[in-house]
Amino acid sequence: MAMKKLLITGTSGFVGSRIATHLAGKFDIIAPTHQDLEITSTQGCMSFIGKNRPDIILHLAAISDTGYCENHPQESMLVNVAGVENLAAAAQAYNTKMVFFSSDQVYNGCTELGLLTEDTPLTPENHYGRHKLLAEQRALEICDSCVALRATWMYDNPRPGMRNHNNFVINFQKAISEGSTLRFATREFRGITWVGEIAQNIIHTFNLPGGVYNFGAENTLNTYQTACEYARILGHSPEGFIIPDSERFPAHVRNISISLEKIRQASDGKINFKDTIYGLAAFYDKTDK
Ligand SMILES: NC(=O)c1ccc[n+]([C@@H]2O[C@H](COP(=O)([O-])OP(=O)(O)OC[C@H]3O[C@@H](n4cnc5c(N)ncnc54)[C@H](OP(=O)(O)O)[C@@H]3O)[C@@H](O)[C@H]2O)c1
């Protein structure tokens, strides 16, 4: 049987490069560069999809830097909202399944504590979060089979030929090699996920009904406690190394921790993630020793 055609945008990026490597051989992958497919071009997206006729679009291209989006809101709107709309319109026109990455940052204005479900009322407090939310809404208006994945912050080791971002485990590696300390917020709750687990689970998202889903590791600890646990996993005492920062997020506790209940149910348990601490421990066992 012929392999399904999977178009992945953003394969030069941190997530896209790792997912494309993981899925190689399982799909007939079309991986346009930014130069091949400018997602802000409505006509360009329509004609690229029309010409290549993928069975699935996995849309990862975006401006992923929240600080950059804050300082360049028009560009953020164009790439992170209009880019999604353009591909959703093409997916609708050619009856193609589309899965794309939103973010747990849509929850960053929530004052509720605990693991947040997809029906939580949202008032994101930065442009990145607002634009990701708008992109979800617009995509589903245009094409109701679209799947938007609210992903957590991700981590991985540096890998040759793949883009690297500053991430949780790399921040630890740097601090340990420099002998410096790390500060983490006590008033923040968030899940943190190994990008390898994202890649392992992504294939099952192609069968999800259209809608918005949390996608990544759950975590009930605050970020300071999470960092202390990770220090212990690495064999370092958190004392004097991990510094609690109780001044960040003064207006309200920043809780963007996701609940996985909906995606577990919708995928009959096929999609699942280790809890953040178990995920960090498993990552350390697998790759760091
Ligand atoms: N990394 C995380 O921890 C994280 C967490 C939650 C959600 N996400 C979301 O996950 C997705 C992937 O993130 P990432 O970390 O892999 O991002 P990334 O490393 O910054 O990569 C972004 C990709 O998008 C491409 N791109 C940017 N603007 C484009 C445009 N106008 N047209 C076509 N391609 C364009 C880039 O190509 P060039 O570099 O060649 O321009 C690159 O391949 C994004 O939607 C992001 O918001 C990421």
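Me: Which residues in α1 meet α7?
Reply: Val 15, Arg 18, Ile 19 and His 22 do. In α7 they meet Val 195, Gly 196, Ile 198, Ala 199 and Ile 202. This is a predicted model: local features need pLDDT of at least 70, side-chain atom pairs count only at pLDDT 80 or more, and totals for chains, interfaces and linings use all residues. Residues are numbered from 1 along each chain as its sequence is written.

Me: What counts as "meet" there?
Reply: Two residues are in contact if their C-beta atoms, placed from the backbone, lie within 7 Å. Helices (H or I, at least four residues) and strands (E, at least two) are DSSP runs, numbered from the N terminus.

Me: At what angle do α1 and α7 cross?
Reply: Roughly 50°, and their axes come within 9 Å. That makes α1 oblique to α7. Angles under 35 degrees count as roughly parallel, over 145 as roughly antiparallel, 65 to 115 as roughly perpendicular and the rest as oblique. Axes are lines fitted to C-alpha atoms, for helices over the stretch in contact, with angles from 0 to 180 degrees between N-to-C directions.

Me: Is that crossing left-handed or right-handed?
Reply: The crossing of α1 and α7 is right-handed. Right-handed means the near helix is turned clockwise from the far one by less than a right angle; anticlockwise is left-handed.

Me: What classes of residue make up the contact of α1 with α7?
Reply: Six nonpolar, two polar and one charged. Ala, Val, Leu, Ile, Met, Phe, Trp, Tyr, Cys and Pro count as nonpolar; Asp, Glu, Lys and Arg as charged; the others, Gly among them, as polar.

Me: Switching to the ligand. How many residues surround it?
Reply: 25 residues do, and the closest are Gly 13, Val 15, Ala 61, Ala 62 and Ser 64. A residue is near a molecule if its C-beta atom, placed from the backbone, lies within 6 Å of it.

Me: Which element gives the largest share of that shell?
Reply: α1, with three residues. α1 (14-23), α4 (73-93), β4 and β6 (153-155) each supply at least two. By class, the shell has 12 nonpolar, 11 polar and two charged residues.

Me: OK, the sheet. What is the strand order?
Reply: β2-β1-β3-β4-β5-β10, an open sheet with parallel pairing. Strands pair if DSSP finds at least two bridges between them. The edge strands are β2 (28-30) and β10 (211-215), each pairing on one side only. The twist averages 25° from one strand to the next.

Me: How many bridges join β3 to β4?
Reply: Four, between residues 56-59 and residues 97-103. Ile 57 stands opposite Met 98 in β4.

Me: Where does α5 lie?
Reply: Helix α5 (residues 127-142) lies across β4, β5 (147-151) and β10. Its angle to β4 is about 160°.

Me: And how does α4 sit against α5?
Reply: Their axes come within 9 Å and cross at roughly 20°. That makes α4 roughly parallel to α5. The crossing is right-handed. The contact of α4 with α5 divides into 11 nonpolar, five polar and three charged residues.

Me: Which residues of α2 meet α4?
Reply: Thr 42, Cys 45, Met 46 and Ile 49. In α4 they meet Asn 86, Leu 87, Ala 89, Ala 90 and Ala 93. That contact has seven nonpolar, two polar and no charged residues. The α2 and α4 axes cross at roughly 35°.
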